[in-house]
Amino acid sequence: MGRKNVSRLKKLQYLNLALNNIEKIENLEGCEELEKLDLTVNFVGELSSIKILRHNLNLKEIFLMGNPCADFEGYREFVVATLHHLQRLDGKEIERSERLKALQNFPVIEQKIREQEKAYFLKRSKEKEEAERKIHEEEEKEKQKENAKFLDFDKYSYKDIDNTDPSSPLQKKENQQPVIEKKVNKKTPEELNKEFWEKPTLFTPESRLETHRFLEKQRKEKKKLSDKKKTQNPPRTLITADGRVLNVNEPKLNFSLKDDEENNQIVLDLAVYRFMDSSLIDVDVQPTYVRVMVKGKAFQLILPAVVKPDSSSAKRSQTTGHLVITMPKVGEIIMANRKVCKPVKNPERTKLQEKKRSNQIEKLEVDPSKYSFPDVTKIVQEKNKPLRQIQKKPEVEPCDNDPDFEDNPEVPPLI
C-alpha cells in the first residue's frame, strides 16, 4: 500500500481504501484492532499478499470486488481457506461447509492462483511499458507546442537586404517559391473533453493517473482564463466624468445609515466580515460621500448632508466585527438637549405692571344678538319632597330570662 505509518494505528477498526491504485496488500500487521477492510475497485493482482492479514486476528470482513484478483479462478476459496478468522467476504457470509471444502482443496487452488498471478504480472509489465511510451509521446508534443509558440517564420523577411549575388543563400531563399502551409483547425476545449472521455482505455493504474492529469490540466486552464478575465476587466467607475458620485457596493455587504440629530452626526454601520483583518479595510471620508475598500472591493455611499472629514472616526465592533463610521455634520446647530436660559425678572418693572393692571377696570361685554336673557316664566319650582326620618333602633337590654345571658360577677355594672 505504500503507507508504512498505517501499521502504527493500533486501535483502528475500519479502514476504507476503495478507489485507489493499490496493487498489493501490505503494512497492515500492526493494526491489531482492525475488523473491516474495504479495498473495492483497486488493482490488487497479487492475491497471495492477503496472507499478511493472518496476523489481524480481529478481522471479520473484507471487500475485494472490482480488483483483478477477484476474476481469478478459485479466488473466493483461496481467501476463505487462507483467513480462518474471516466471517464475510465481499458482503457475503462465509459458511462452515464452504470453509471445510476450501481447506480440502487448498493445495490445488493455491497452485491455480500462482499460475494466474504470473500471467497477470506479465500483462502488467506490458501495460506499464505502453503507459510510459504514451507519457513520453505526450511530453514530446508539449515541448513541440511550446517551441512553436516562440518561432514565427512570417516575421523574417529578406526584401530589405541588398544582395544581387544569386549564389548567396539569402538570394536563393528569395528565389524559392513560398511554401503553402496547411492550417490546422484547433479543437475547442469541449471537443477535446469529449474525445478524451470517449476514447477506450484499459483498466489500469496508469489510466487512472492519466485521468487525474487530464482533470488537473483542465483545472489549471480554467484558472488561467479566470485570471485573465480579472486582469482584463476595467476598474469599477466610482465617479463619472462629469463629477457625479455613484453608490457602489462591490463586496455586497449589509449596511445601515443613521442620521443622529441629537448629536448632529451621521453614523454608518457596515457589516464587515467578523474575522477579517482590519488591515484589509481602507476608509476614505469626503464631505459628500464615504468610500470603504474591503479587500480591494469598493463600497461607496452618498451622504444626505455635508460632513467634516477631519472630525470623522472609524471603529470596529468587538462583538459583531462591524465597521462603525461616525461623521459630524457641518453648519448645523444642535437643537435637542439644549438648556434654555430663563430671563431675569426686574422687581421694579413687575410692580409697575401690577399697579397698571389694578387701576384698569375690566368689564364684561355681552352681545345681545348672540346672548339673550333667561325666561323667568319657564322656571318651575320643584315640590319639596318630605324628608325621611331615620328611626332609631330601640336599644335592647339583656334580661335575666334570656338564655344567652350570662351574669359574670367580675364585670362591673353598666351605668
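Five strands, in the order 1-2-3-4-5, make up an open sheet with mixed pairing; strands here are DSSP runs of type E with at least two residues, helices are runs of H or I with at least four, and both are numbered from the N terminus. The model is a predicted one, in which local features need pLDDT of at least 70 and side-chain atom pairs count only at pLDDT 80 or more, while totals for chains, interfaces and linings use all residues. Residues are numbered from 1 along each chain as its sequence is written, and side-chain values use heavy atoms, with hydrogens and water left out.

Strands of a sheet pair through backbone hydrogen bonds, in either a parallel or an antiparallel sense. Two strands are taken to pair if DSSP finds at least two bridges between them. The edges of this sheet are strand 1 (14-16) and strand 5 (92-93), each of which pairs on one side only. Strand 5 is joined to strand 4 (residues 88-89) by antiparallel pairing over 2 bridges, and Arg88 stands opposite Glu93 of strand 5.

The description now turns to the helices. A pair of packed helices is described by the angle between their axes and the distance between the axes. Helix 1 (residues 75-82) packs with helix 2 (residues 96-104) at an angle of about 95°, and their axes are 8 Å apart. The axes are lines fitted to C-alpha atoms over the stretch in contact, and angles run from 0 to 180 degrees between N-to-C directions. Helix 1 and helix 2 are therefore roughly perpendicular to each other, a class that covers 65 to 115 degrees. In their contact (heavy atoms within 4.5 Å), Arg76, Glu77, Val80 and Ala81 of helix 1 meet Glu98, Arg99, Ala102 and Leu103 of helix 2. The contact residues comprise 4 nonpolar, no polar and 4 charged.

Helix 1 is largely enclosed by the rest of the structure, because 7 of its 8 residues are buried. Buried means under 20% relative accessible area, exposed over 50%, and partly exposed in between, with a 1.4 Å probe and protein chains only. The buried residues of helix 1 are Tyr75, Arg76, Phe78, Val79, Val80, Ala81 and Thr82.

Cys31 is buried at a relative accessible area of 0%, and Cys69 is likewise buried at 0%. The structure holds 0 disulfides, a disulfide being a pair of cysteine sulfur atoms within 2.5 Å.

Glu130 lies in helix 3 (residues 106-150) and counts as partly exposed, with 35% relative accessibility. Glu130 and Glu206 are 76 residues apart in sequence, and their C-alpha atoms are 9.5 Å apart in space.

Technical notes:
Parallel < 35°, antiparallel > 145°, perpendicular 65-115°, else oblique. Nonpolar A, V, L, I, M, F, W, Y, C, P; charged D, E, K, R; others polar.
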